[in-house]
Amino acid sequence: MQKGYSIFALVLFLLFFTAESFGQKVFFNEHPTIWKNADILIWSVDKDPAIDPKEFCLSLKRNNSGIGEPKCRLQGEWVRDSVAIRYANWLNANLDPVLKPEYLRARHPAMQAKFQALEDKIVLFVATNGNLVNVAIFDETASEPKAAGSILLSPDKISMGDAIANTFFGGTAKRRLSKDERKKMQTEPDEYFQETPVFKAWAGLGMGYSQAQVPLTPDNWYSSHVNSQVRNYRITKDSVSLWNFLDDSDPYLTFYIGGTWYDFIGIELIYHYAKHHMKTDPKDTVYQELDHWDFSQHEIGLNAIFSRNYKPASWVNITPFMFVGFQYSFFVEDIELKDNVKTPSKAYQARIKFEEAYKGALLGFGSHFIFLKHYGLGLRTGISSRGRNMYVDPSPDAAAEASVIGGSTIDWFIGAGLEYHITVF
Amino acid sequence: MFRIFAIVCIAACALVGCGHSYHWSKSHPLYKKPPYANLAIVGTDEAFVLTRSAWFAKKLGWNPDSIQLKATAFCEEIFLNELRRAYPTFVKIPDEQYKQLPEESQKLDDRIFMKGRLPEQGVALKDSAGNVPPYILILHEFIVGTDLKRETYFDYALIHNENTGKKTSKNISAIVSYTLWDNEKQRPLFSAVDEIQHPIVVPTPKDLETLVRTAVKQIRINLYGGAS
């Protein structure tokens, strides 16, 4: 136990020692790419640079096991170039904890060209400034340092190299690209400037919930439907909506496939399933023979979709859309008597029948959230209706006809689905 | 409920900024101490420009052929004298070495970009005696005209708008863009675009003089105000 404590104390001491003994201070660190088997160019204006290239390479290997076989050398070319020397001196005088990288940008076009020509080499700027050593890291992507800091000067070049490697080269190393791969990367369009896809398709499986009442509308619009009960297998106060007969608030399952052209206009085929209980009046003794009485609701619809695509980050697409469409609804009865009932009542025989199919409309909006180009989450909400029987032609004495049962069944729905997306350019 | 709505509206308005306002100056984070006694200047030889020169020639009674030269020299002289009075140690750095530098733009605001030459990083400018002055005021542009608006010169979205032909001029105005340069560390400490309006009835050389003096005063006030 005692030994465990002392080791722990030693580790703590070492951590403290490595972090503090060199007086390391990071001004900013934008985590530049660390390449595997990196070429590291040590750029210093000092006669005797504060780190030794060979020792620094060993420090890198000690501190970052994933870095492979780095090659370190002094950037002699820049040490002999007057533009680079001027910038180096300027940078050394200007490096300050307060300053953001944009204040340290190289303004001279020749210097900017040098940075651009680096390819995947990493430039490590090391310069003595009083009793400190200023450190800055450059890569090909910018003419300003990607990371900067200072370390207390010490004559021990190995420990200086360790401190720099520990502070700035700890990240995961990436494989360097081959010449062909670089060339390909350069000719590839920037992902933010890609063309609008010609066609985008998706398939989704979702769940949701629907109810008769549309949120933010008064209760009394619906109370007569929602509170209504079925007496004697067929009697309700009003039969204009199926919600007079059926429970309205139920979960649903859905499956849909769709596609958009040019991220703008599209169609979607949906299938929708829900199960509703018949709202039988428990006080009514006629139902004592009944085991259950439910209706399965099957709906097939076709939506027109209008959407717009937003790309807030390279790994996510947000596509809000609105849809308008039509649907056919089928209510399939599922009724069963109790086992001991041999002959059902007369009322059972003459029970209410719904139309074979209803035609209705869909209207709503939602959004796809597409991650990593393929994996989507779809959210949507809207209103759907079921209207009169589509097979009945209007007759001259339509006014005299009794209205169709459930001829105005409207509900509100909200749902979420998991989707898979395919993009065709 | 309405109160909450109103507060939300005001907050949204403050966030997105109803009505556009510009930032006309930018300070370096390390600009702590403005120059009090010691100042050098560079860029005055080519900074002064007179617009509506025909109008000025007519009103001031100067020869239209030489009005540009005469008026800019006149303004430059007043400008330098005014600064010389304000700063005990004042030097004018010859423009020769400065003129060879490339033009660069400095961003002051989303749409405000200021064009001008800046000395190279790592190279300190020297005066004719070979000394290195610590602060240099770099004058990029000094535009003299009537009823000028600085946004029409510096907001890139408005630059190509044509001026509507105006007959009467209420003010003579100056638009000055300048940078206070830290010559020791070669960095811009403070950059700004100022607009000065001077009301006139009939313009006289005296009005032009007052305009330039006001401009210098404004520059000095901003140099003090810009330091943090």
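## Chain B at a glance

Of the 228 residues in chain B, 46% are buried. Buried here means under 20% relative accessible area, exposed means over 50%, and partly exposed lies in between (1.4 Å probe, protein chains only). This is a predicted model, where local features need pLDDT of at least 70, side-chain atom pairs count only at pLDDT 80 or more, and totals for chains, interfaces and linings use all residues. Residues are numbered from 1 along each chain as its sequence is written, chains are lettered from A and ligands numbered from 1 in the order in which they are written, and side-chain values use heavy atoms, with hydrogens and water left out.

Chain B has 7 helices and 9 strands. Both kinds are DSSP runs, numbered from the N terminus: helices are H or I with at least four residues, strands are E with at least two. Contact means heavy atoms within 4.5 Å. Among the contacts in chain B with a separation of 6 or more, 75% come from residues 24 or more positions apart. One buried residue of chain B is Cys75(B), at 1% relative accessibility.

## Helix H3 of chain B

Helix H3 of chain B covers residues 53-60. Its buried residues are Trp55(B), Phe56(B), Ala57(B) and Leu60(B).

Side chains of opposite charge can pair when their charged atoms come close. A salt bridge is a side-chain nitrogen of Lys or Arg within 4 Å of a carboxyl oxygen of Asp or Glu. Over all chains, the structure holds 26 salt bridges. One of them joins Arg117(B) and Glu46(B), whose closest N and O atoms are 3.2 Å apart. Arg117(B) lies in strand S6 (residues 113-117) and Glu46(B) in helix H2 (residues 44-47) of chain B, so this pair ties together parts 71 residues apart in sequence. Arg117(B) is buried, at 17% relative accessible area. Glu46(B) is partly exposed, at 38%.

Another salt bridge pairs Glu195(B) with Arg150(B), at 3.9 Å from N to O. Glu195(B) sits in strand S9 (residues 187-199) and Arg150(B) in helix H6 (residues 150-154) of chain B, so the pair ties together parts 45 residues apart in sequence. Glu195(B) is partly exposed, with 25% relative accessible area. Arg150(B) is buried, at 19%. Salt bridges can also share partners: Glu82(B), Arg85(B), Glu209(B) and Arg213(B) join into one network this way.

## Where chain A meets chain B

How many residues of each chain are in contact across the interface? The count is 13 in chain A and 16 in chain B. Together the two chains bury about 1300 Å², 51% of it on carbon and sulfur atoms. Buried area is the accessible area (1.4 Å probe) that two parts lose on being put together, summed over both.

Between chain A and chain B there are 2 salt bridges. Arg86(A) meets Glu120(B) at 3.0 Å, N to O. Arg107(A) meets Glu104(B) at 2.7 Å, N to O. The latter pair runs from the loop between helix H4 (82-94) and helix H5 (109-116) of chain A to strand S5 (residues 103-107) of chain B.

The interface also has 11 residue pairs in polar contact, both residues at pLDDT 80 or more. A polar contact is a pair of N or O atoms within 3.5 Å; within protein, one must be able to donate a hydrogen and the other to accept it, and residues adjacent in sequence count only if both atoms are side-chain atoms. On the side of chain A that touches chain B, 7 residues are nonpolar, 2 polar and 4 charged. Ala, Val, Leu, Ile, Met, Phe, Trp, Tyr, Cys and Pro count as nonpolar, Asp, Glu, Lys and Arg as charged, and the others, Gly among them, as polar.

## A disulfide in chain A

The whole structure has 1 disulfide. A disulfide is a pair of cysteine sulfur atoms within 2.5 Å. The link joins Cys57(A) to Cys72(A), with S to S 2.3 Å. It is right-handed, with 100 degrees about the S-S bond. Cys57(A) is in helix H2 (residues 53-63) and Cys72(A) in strand S4 (residues 71-74) of chain A, 15 residues apart. Both cysteines, Cys57(A) and Cys72(A), are buried.
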